[in-house]
Amino acid sequence: MAETAKKEKVPRTPMPEQEPQVRRRNFQEVPLGYTAILAQTEAGRCLQCKKPSCVEGCPVNVDIPSFVKRIHEGDFVGAIMNLWEYNSLPAVCGRVCPQENQCEGVCILGKKDKPVAIGNLERFAADWARGQSDIPLPPIAKKTGKRVAVVGSGPGGLTVAGDLIRKGHEVTVFEAFHKPGGVLVYGIPEFRLPKEIVAAEVNFLQRLGVKVECNAVVGSAITVDELLGKEGFDAVYLGVGAGLPRFVGVPGENLIGVYSANEYLTRANLMKAYLFPQYDTPLVGGQHVCVFGGGNVAMDSLRTAMRMGCDDVKCVYRRSDQELPARGEEIHHAKDEGIQFFFLHAPVRFIGDQDDRLKAVELQEMRLGEPDASGRRSPEPIPGATKTLECDLAIIAIGSGANPLITGTTPGLEVNKWGYIMADADGKTKKPKVWAGGDIVTGAATVIKAAGAGRLAANSMHRYLTWGW
Amino acid sequence: MFQILSKQELAQGTVVANEIEAPRIAAKAKPGQFIILRVNETGERIPLTMADTNPQRGTITIIYQVVGKTTALLKSLNVMDSIMDIAGPLGRPTPIEKKGTVICVGGGTGVAVLHPITRGMKQAGNKVIAIIGARTKDLLILEDKMRAASDELYVCTDDGSYGHHGFVTDVLREQLGKLGGEVKEAVCIGPVPMMKFCAKVTQEFGVPTMVSLNAIMVDGTGMCGCCRVSVGGQTKFACVDGPEFDAHQVDFEGLSKRLIAYLPQEKEAMQVYQHKCACEAQG
């Protein structure tokens with residue numbers, strides 16, 4: 001016990017970061033990553049609990065004490081090999097998982113002190129491995145001869161691909177866009193998740209034998225039934241994401257300068273509009289920016305707009321700061337970078353000039369009423385309390401719905417009243433040989449939840465491919 | 001990568017036809033559907049409605065007018081060069097069925113999109129009257145193909161250099177007046193003002209009319225909402241709900257304004273590109 005007490009005295013190692021005044025104008029990653037010494041120091045804080053609650057707190061049950069121990073001992077190869085056993089996307093998850101609600105949220109150290117920086121350590125191990133050329137690939141089981149089609153190359157699809165290829169199945173991932181990664185490349189900005197890291201994670205899966213076919217719009221160019229029929233796949237995983245932008249439904253929403261967060265972020269990230277005209281995709285400039293919504297996508301939109309050169313960037317949220325659904329770290333980063341928060345306001349009308357370009361937005365002031373079904377207090381308008389703000393760029397980040405492209409072309413696939421695919425806890429749908437997971441089943445959630453759903457589905461698919469339905 | 005198998009310049013080089021190897025798309029595509037392409041790594045994604053497909057050869061044909069940087073870049077590619085990315089077929093196919101008499105009206109490069117629909121309408125057993133137009137004779141495209149695909153073809157030029165002197169709407173009105181209630185449907189594809197005025201004429205005669213909209217798009221699968229257009233007061237996505245819509249319900253004003261959303265940036269991109277081309281030419 002004496003040793004435990006000694007360990008607690010070491011404070012949590014802070015992550016080196018770009019200064020807010022510098023980073024708000026560039027697209028380079030904000031946290032700079034641990035050095036080997038910082039990582040080893042931080043890893044030394046881990047108590048190596050006998051019954052580690054952090055493992056339970058992880059949606060893909062990474063054996064956290066083991067990889068942390070290896071980092072502490074300087075066995076970085078061992079650390080990454082250990083991570084790969086549980087997680088095909090450690091460089092991604094180390095960056096974008098909400099660890100404070102998962103592994104770190106239940107870390108014993110967190111009760112009296114700050115929890116072990118598990119996310120930062122995972123990121124360190126993955127980044128270190130990316131810089132090495134001689135790391136052995138994880139072992140792959142004997143070929144089973146079974147073929148799996150994974151539709152969508154986001155975090156869920158990539159997890160399924162990684163799990164099943166290692167179990168000896170042949171895996172092809174179909175992606176509608178021209179680059180694999182799904183939300184990791186079109187949605188999450190470069191400064192939070194550099195695209196070369198996503199490319200490296202995909203490349204790792206390709207080295208394991210996963211085939212990736214881009215520009216393949218399943219539901220239109222190929223149907224799910226064709227994948228199972230003439231294309232000869234034995235099972236299909238649908239990890240296509242939510243994929244339908246939600247608009248507010250107020251007048252003026254089709255004005256130029258009003259974007260869905262999906263469009264704004266896709267242009268900025270996937271299409272690299274921040275490098276226009278070196279890259280051809282443009283964005284409306286905008287000097288007075290309002291982003292509607294308070295989730296992680298809203299934070300990404302706000303911080304992207306700031307980096308595009310706008311100074312007046314506001315987060316307009318219809319509830320109060322207490323209800324903000326974004327990760328604490330994201331809100332903190334946004335505030336440091338000069339984003340203003342405008343709570344308890346909702347848009348009622350977008351106002352344009354004679355060319356239909358956005359120039360202002362009319363807001364309704366709200367107050368909080370009784371808690372709604374989600375447990376959050378629901379906002380209600382204060383009669384007569386409206387104001388008009390100057391605004392030439394508005395980004396709607398109030399969530400996504402279910403894109404019907406696949407569900408509409410796949411007979412036998414049952415959907416609920418919101419259009420999301422019905423699947424059991426293992427991701428098994430009502431249609432034989434078809435599994436689904438992530439946002440297209442649960443509605444918009446997080447990267448790691450999609451990966452967790454992929455993990456469960458991959459296990460279920462493996463059981464089916466081995467023993468039958 | 002998608003290899004270009006043939007390249008043909010039409011309308012004095014302002015319009016280009018490319019046959020491109022894309023077997024998966026060719027096997028599936030139907031008239032009225034489009035593709036989204038990206039020429040190279042730094043390119044933008046643009047939608048183009050297919051002008052033809054050949055499932056046996058595994059090819060699709062696109063016909064486009066050179067209007068900005070991306071189409072200029074596309075034109076710079078030659079036979080055996082490749083386009084980096086093509087996704088498709090996207091959008092709903094034209095509902096083609098036997099209705100009786102159908103009028104197909106095309107303007108500018110819209111004729112390229114109209115051609116497979118016209119051919120489909122005729123193959124379905126309709127009597128097809130086609131009307132095509134251009135600013136001047138040299139800019140007219142696909143006249144022979146349209147003649148072969150229709151029962152009667154009328155050609156118009158704005159300057160009177162060929163065929164009827166005037167707009168396609170003049171001939172459309174004349175034909176609708178002559179044929180009375182015989183015409184069961186009209187399909188009009190071309191520049192937005194042309195489609196708007198065609199819709200006005202057919203509305204006078206109460207003829208159901210389809211138009212194909214060339215909204216700006218990014219993903220083409222309903223994910224971003226860039227291509228939203230107001231139809232009958234409701235917001236629709238041209239990529240998944242269209243590209244064809246009931247002409248009498250479309251807000252053409254809103255569409256024209258959204259089409260020039262990026263005009264300043266498009267000019268800038270074109271200037272940078274032309275400068276680069278000029279520098280390269282000088283060596």
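Mentor: Ala11(B) is buried, with a relative accessible area of 8%. Buried means under 20% relative accessible area, exposed over 50%, and partly exposed in between (1.4 Å probe, protein chains only).

Trainee: What is the phi of Ala11(B)?
Mentor: Near 45°, a positive value in a residue other than glycine. Ala11(B) sits in the loop between β1 (2-10) and β2 (15-21) of chain B. Helices (H or I, at least four residues) and strands (E, at least two) are DSSP runs, numbered from the N terminus.

Trainee: Before we go on, what are the ground rules for this model?
Mentor: This is a predicted model, where local features need pLDDT of at least 70 and side-chain atom pairs count only at pLDDT 80 or more, while totals for chains, interfaces and linings use all residues; side-chain values use heavy atoms, with hydrogens and water left out. Residues are numbered from 1 along each chain as its sequence is written, and chains are lettered from A and ligands numbered from 1 in the order in which they are written.

Trainee: Now Leu344(A). Buried, partly exposed or exposed?
Mentor: Partly exposed, at 24% relative accessible area. Leu344(A) has a positive phi of about 55° and is not a glycine. Its place is the loop between β9 (340-343) and β10 (345-352) of chain A.

Trainee: Which residues does a cis peptide bond join in chain A?
Mentor: Phe276(A) and Pro277(A), with omega about 5°. Pro277(A) is in the loop between α13 (261-270) and β7 (288-292) of chain A.

Trainee: And in chain B, which residues does one join?
Mentor: Gly242(B) and Pro243(B), at an omega of about 15°. Pro243(B) lies in the loop between α7 (238-241) and β17 (244-246) of chain B.

Trainee: Switching to the chain interface. How many residues are in contact?
Mentor: 47 residues of chain A touch 44 residues of chain B. Contact means heavy atoms within 4.5 Å. The buried area is about 3600 Å², and carbon and sulfur atoms give 51% of it. That is the accessible area (1.4 Å probe) that two parts lose on being put together, summed over both.

Trainee: How many salt bridges between the chains?
Mentor: Six. The rule is a side-chain nitrogen of Lys or Arg within 4 Å of a carboxyl oxygen of Asp or Glu. Glu213(A) forms one with Arg24(B), the closest N and O atoms being 3.0 Å apart.

Trainee: Let's go inside chain B. What are its domains?
Mentor: Domain 1 (2-90), domain 2 (101-212) and domain 3 (217-240 + 251-283). The bounds come from an automatic or database domain assignment.

Trainee: How many Å separate the centres of domain 1 and domain 3 of chain B?
Mentor: 17 Å, taken over C-alpha atoms. Ten residues from domain 1 of chain B and nine from domain 3 make the contact.

Trainee: What area is buried there?
Mentor: About 790 Å², with 70% from carbon and sulfur atoms. Phe34(B), Arg45(B) and Lys69(B) supply 51% of what domain 1 of chain B buries against domain 3, more than any other three residues. The salt bridge count between these two domains is zero.
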